Every structure is written in C-alpha cells, then in structure tokens.
Amino acid sequence: MEQIRLGIVGLGRFAKQHIECLKQIPEVIIAAVCDIRGETAQALGDELGCGSYTDVQEMLRAESLDALDVLTPEINHYEAVMAGLEAGCDVFVEKPLASDLTKAEKMVGTAAERGRLLMVGHVMRFDQRYLQMKNAIARGDIGRVRSIYARRSDKREYFGFYKRSPVVLILGVHDIDQILWIKDELPIEVYAKNSCSPEGEDMVCAMMTFADGTVAMMDSNWMTPRQWPAPQDQYMQIMGDEGVLRVQHPDEAFSLCAEQRYEVPYLYTSRDIYGRLEGPLMSELSHFVDCVRGSAPSSILRPEDALNVIRVTTAILRSCDRGQPVSIGSGSV
C-alpha cells in the first residue's frame with residue numbers, strides 16, 4: 001500500500017497533536033474528519049481540504065478509507081472502533097481500549113475475525129526512558145524484579161474535564177500498561193482503594209501481586225496543584241535483587257524561570273526540531289502507519305496487551321467497590 005487514506009474520529013484537545021504528526025508522515029492522506037460538533041468538523045475539514053462529518057457511519061459509507069484514528073472520549077471508543085473494523089479499516093484508538101471489559105473483548109475479537117489491525121495508544125512504550133528501563137530488566141541489569149512503584153498525578157485544573165470516567169481509566173492505564181509490559185503477565189490479585197474530593201473520585205491506589213511474588217503499587221490522582229511547574233508529577237521506581245531503576249518528571253533537564261513563571265516542559269512527549277515533530281507520539285503513529293502499509297501486526301502495540309490492561313482496571317474498580325482483594329485468573333476477572 002503506497003498511501004493510506006485515513007479518517008479521524010473525535011476532534012478534541014488531543015486531535016491537534018495527532019494531526020500535526022500525521023501531516024508529517026508522507027504516506028498518510030487525511031481524507032476525512034468526524035466529530036459530533038458539526039462546526040468543529042466543518043472548520044477542520046476546510047482547513048485540511050478533506051471531507052467533514054458528524055456521524056462515523058456516514059463517513060465510512062461516503063469515503064474510501066484504509067484506516068481510522070479514533071480520538072473520541074473513552075466511553076465512545078467502542079462504537080467508532082467497531083464501525084471502522086466492520087468497514088474493513090485498520091484502527092488506531094487512543095488509550096484506554098474501552099471503558100468496559102465486555103466491549104473491549106468484543107473489539108479485539110472482531111479485529112481478529114476481520115483480519116484488521118487494532119492498536120491502542122499506549123504511548124509510553126515509545127518513550128525512550130521507559131524503553132531503556134524495560135531493556136535493562138531484560139538484560140538482567142537489576143536481577144530479579146521484586147517491586148514496582150508508579151505515581152502519576154495530573155493537575156487538579158483538568159479534573160473537571162476528565163472526571164467523566166474513573167481515574168484509573170484516564171491516568172492509571174498508563175502505569176498499568178507499563179507494569180504489565182515489564183512483567184509480561186497478569187497479576188494474580190489486585191487490591192485497591194479510591195478517595196473522593198467534593199468534585200468526585202480523584203484518587204485511586206492499587207496493589208498488584210504477581211505469581212512470582214513481585215508486588216506493584218500504583219498511585220493515580222488529579223491532585224497536583226495549578227502552580228506545579230510541569231504538566232504532571234510522574235515517578236516510577238523498580239527494585240530488583242541487584243539494583244534499582246527510576247524515571248521521574250519533572251526531571252529538570254531543562255527549565256524556564258522568569259518573574260511570573262516557572263516551567264519544566266515535558267520534552268519527551270513532543271519536540272519541535274526545526275519544524276519537524278519528534279517524540280513518542282510521532283514514533284507511535286509512524287509505527288501504526290508502517291504496520292498498515294505492510295499489513296503486518298504490531299509486536300509493540302498488541303491488542304491482547306491492551307485488553308489485559310482493561311482486565312486489570314476492571315479488577316481495580318471491583319476491588320474499590322467491594323473493599324476487598326479481587327483475584328485474576330485465566331485471563332478473567
């Protein structure tokens with residue numbers, strides 16, 4: 001396949017970053033955009049010189065598309081992804097795969113039945129820091145992994161926008177995916193507690209126990225104050241019998257301090273190098289395009305891995321509701 005005619009579904013705050021990356025991939029033609037907000041879709045369609053729609057089914061009937069990039073809110077992933085798969089498109093969908101385990105299983109099953117690619121945007125797999133961490137473990141640099149601790153705190157000012165879904169589905173999925181990527185297996189048990197502010201549930205802490213005794217702790221919350229100098233407060237530490245690995249942000253590699261401003265930019269996500277974007281998102285989308293063009297499944301963004309993330313998030317939500325540990329066995333919760 002020389003070029004890929006791609007449709008974008010969902011034109012929210014993350015769509016701009018995707019579009020800027022996709023425009024720099026020569027093999028991609030953004031052929032259509034879709035959003036329930038007609039004016040938004042029309043304006044972007046005019047800007048890109050492509051078709052604009054308010055209904056994904058209508059877009060798929062009217063356009064000859066090879067692939068979909070689904071950027072809708074997570075509660076709407078299922079409808080757009082299934083429509084794309086059933087229309088014969090390869091599909092990239094932002095994390096999480098779905099907000100419901102049954103729907104997630106159906107999505108993965110349909111992709112396999114139709115012989116279509118389904119990739120979920122677990123972008124940290126393309127972040128050089130986390131990739132180095134995984135490679136170090138694979139080499140045996142820290143010996144047997146004994147414990148993993150991951151904290152991810154976003155600014156409270158964004159909570160109003162994202163409280164539509166449990167915090168584990170918005171923030172926690174990043175670290176769950178990393179933990180499962182490192183362990184390459186599901187935990188056997190999950191125990192979780194959540195906490196609420198007057199605005200709703202804004203924190204969840206979970207402990208995952210693996211068959212070999214490894215314990216992983218995850219803390220996800222919307223509690224970072226507005227004046228925090230970086231977009232997020234991130235920290236991951238992995239302890240082994242023979243060493244320790246650590247990633248954190250902000251890491252102060254570059255900072256900007258002025259009279260009324262202190263900022264540590266998140267340079268690992270997207271970097272503008274003389275007009276060309278670089279970084280994990282660009283690498284991730286380029287990888288999707290390469291797989292579509294070659295009709296080859298991804299060894300990095302495997303749909304079964306994304307499904308396992310939803311299995312764990314489901315267990316975490318059930319543990320919070322029940323106030324007790326939840327066992328995970330035979331790929332189910």
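The paragraphs below go from the overall fold to one helix. The model is predicted, so local features need pLDDT of at least 70 and side-chain atom pairs count only at pLDDT 80 or more, whereas totals for chains, interfaces and linings use all residues. Residues are numbered from 1 along each chain as its sequence is written, and side-chain values use heavy atoms, without hydrogens and water.

The protein has ten helices and 17 strands, taken as DSSP runs (helices H or I, at least four residues; strands E, at least two) and numbered from the N terminus. Its radius of gyration is 20 Å, close to the 20 Å that the globule rule gives for 333 residues, so the protein is as compact as a globular protein of that length. That radius is taken over C-alpha atoms, and the rule is 2.2 Å times the number of residues to the power 0.38. Along the principal axes, the C-alpha trace spans about 55 × 55 × 45 Å.

Of the 333 residues, 51% are buried, meaning under 20% relative accessible area with a 1.4 Å probe, protein chains only. Among contacts (heavy atoms within 4.5 Å) with a separation of 6 or more, 67% join residues 24 or more positions apart.

Helix 4, residues 77-86, is mostly covered, with seven of its ten residues buried. These are His77, Ala80, Val81, Met82, Ala83, Gly84 and Leu85. After helix 4 comes Gly88, with a positive phi near 90°.

Notes
Buried < 20%, exposed > 50% of the residue type's maximum accessible area, 1.4 Å probe, protein only.
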